[in-house]
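Please load the model in a viewer and follow the selections below in order.

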Amino acid sequence: MPYRVDGEPYIRISVDEASELHENADYVFIDVRRPDEYIDGHIKGALFITVDEILARVDELPKDKNLLFICAAGVRSALACEMSASMGIDQDRLYNVEEGTPTWINKGYPTSIGSEI
């Protein structure tokens, strides 16, 4: 079950829980890994904005959706959540997918390879 840790401006969510939201139009995945990691495999339909670009590209984040940030293990995605919150995005819309993309892929959830969205 998604949960919040005191002091964190985002909701923590598992890969399994996030997979249930993949087709939900109210949610969008944002992959914040490096380009080489993204090309090796990413969530089908995910936006690709590296963690280093979040602040500069915050206007590209959908304003009417919940944002599910994902990286390889949950550290960079947590940082992206924190940066997004600091830019004024409502904390109730920010989710950190804790287990990361490798777990997503290993579980067989919808994945794309290369630059394919």
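Begin by selecting Cys-71, which is buried at a relative accessible area of 1% (buried means under 20% relative accessible area, with a 1.4 Å probe and protein chains only). This is a predicted model, in which local features need pLDDT of at least 70 and side-chain atom pairs count only at pLDDT 80 or more, while totals for chains, interfaces and linings use all residues. Residues are numbered from 1 along each chain as its sequence is written, and side-chain values use heavy atoms, without hydrogens and water.

The whole structure contains 0 disulfides (pairs of cysteine sulfur atoms within 2.5 Å).

Next, select Leu-68 in strand β5 (strands are DSSP runs of E, at least two residues, and helices runs of H or I, at least four, numbered from the N terminus). Leu-68 is buried, with a relative accessible area of 0%. Beyond four places in sequence, the contacts of Leu-68 (heavy atoms within 4.5 Å) include Ile-13, Tyr-27 and Val-97.

Finally, display the largest nonpolar core, of 19 residues (buried Ala, Val, Leu, Ile, Met, Phe, Trp, Tyr and Cys residues joined through side-chain atoms within 4.5 Å). Phe-69 and Ile-30 are among the members touching the most others. Elements giving two or more residues are β2 (27–31), β5 (66–70) and α3 (75–86); α3 supplies the largest share, 5 residues.

Terms used. Buried < 20%, exposed > 50% of the residue type's maximum accessible area, 1.4 Å probe, protein only.
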